[in-house]
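Take a look at the structure below.

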Amino acid sequence: MIVFERPKSLIDVPLHYCPGCTHGIVHRLVAEAIDELGIEGKTVGIAPVGCSVMAYDYFNCDMIEAAHGRAPAVATGVKRSDPDNLIVFTYQGDGDLASIGTAETVHAAARNENITVIFINNAIYGMTGGQMAPTSLPGQVTQTSPYGRDVNLCGYPVKICEMLSELEGPEYLERVTVNSVRNVRNAKRAIKKAFQNQIDGKGFSLIEVISSCPTNWGMTPKEALQWIDDKMIPYYPLGVYKDRSAGILSNPNKEEK
C-alpha cells in the first residue's frame, strides 16, 4: 500500500526556500488539490514577485510570471480568455498581495472573478531581507522597524480576510495555517474547496495561510512554528470569513458595537 508519494502536479526538484519555511508545505497542498480534482491539464498558475517568484519551477502546470502585485489582474485576463476550460490560481505573499497589489486584490474580489488566490502571510518581506510588511504585527521587529512596528508612525497591519469580507463580491474567504498536522489537514481542505468553487463557477476564493519565516524572524524553525500560535493567530484569527454558498456572509470575529 502506498502511504506517501509526491503529487504529480509538483515537480521532483529541490525547493529553494529556507529551512523551516512553510512555502513547501503549501506548494504540496496546492499540488495535491490539483491532482485530486483532476485539473492538472487545464490549470494555469500565476507566479508573483517575492519568495515564490520561481514557483514556475515547482508546479507541473502552465505558469505565467506577473509583475509585482499584478497576479490577480493577470489571472483575470487568463480566466476570461477561456472561462469554460481553464482553472487559474495565483500564489502570492503579503508584500505582493497586500501592498503593491492591494488594488488588484480588492477589485478582483469585488468583481467576484472566478479565480483561486493562495495568499501567504508571514508578516514580513522575505525575499528582500526582512523589511516590515503590511502584515507585520504591532511591535514586530524587522529590518526597517528595529524598535518594533510603531502603529502611530506606520499604521496598523492590513487584515486581508477581514477587509475583503466587507465586500459583496467574494464567494469564499478563509484563513488557515500549517504549523501542525491538524492545521495542515484543515488548510488542504480549504485550498481544495477554493479550487472546487472555481470549477463550479462560484467566483472569487482566497485562502490566507499564516506562514513562518524563520530566517527573517531570527528564529529556529521550531520557534517560528510556536510563534505562529503565540503571536500570529491571536492577531489573525483562523476561520471562514465568508462562504456565500454556506450562508456565511460576514466576519465571524468582528466585534459588534
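Begin at Asn 112, which follows helix H4 and has a positive phi, near 55 degrees. This is a predicted model, where local features need pLDDT of at least 70, side-chain atom pairs count only at pLDDT 80 or more, and totals for chains, interfaces and linings use all residues. Residues are numbered from 1 along each chain as its sequence is written, and side-chain values use heavy atoms, with hydrogens and water left out.

Now step back into H4 itself, residues 102–110. Helices here are DSSP runs of H or I with at least four residues, strands are runs of E with at least two, and both are numbered from the N terminus. Which residues of H4 are buried? They are Glu 104, Thr 105, Ala 108 and Ala 109. Buried means under 20% relative accessible area, exposed means over 50%, and partly exposed lies in between (1.4 Å probe, protein chains only). These four cover an arc of only 125 degrees around the axis, so they sit on the same side of H4. The arc is that of the directions from the helix axis to the C-beta atoms. An α-helix has 3.6 residues a turn, so residues three or four places apart point the same way.

What covers that side? The cover of the buried residues of H4 includes helix H2 (71–81), helix H3 (94–100) and helix H6 (160–165). Contact here means heavy atoms within 4.5 Å.

Follow the chain of cover to H2. Its buried residues are Ala 71, Pro 72, Ala 75, Thr 76, Val 78 and Lys 79. Among the elements covering them are strand E1 (43–47), strand E2 (62–65) and strand E3 (87–93). H4 and helix H7 (181–199) also belong to that cover.

For contrast, go to Ile 2, in the segment before helix H1 (23–37). Ile 2 is exposed, with a relative accessible area of 61%. Its C-alpha atom is separated by 40 Å from that of Ala 109, 107 residues apart along the chain.

Finally, the whole protein. It has nine helices and seven strands. Its radius of gyration, taken over C-alpha atoms, is 17 Å, close to the 18 Å of the globule rule for 257 residues, so the protein is as compact as a globular protein of that length. That rule is 2.2 Å times the number of residues to the power 0.38. Of the 257 residues, 50% count as buried. Residues 24 or more positions apart account for 67% of the contacts with a separation of 6 or more.
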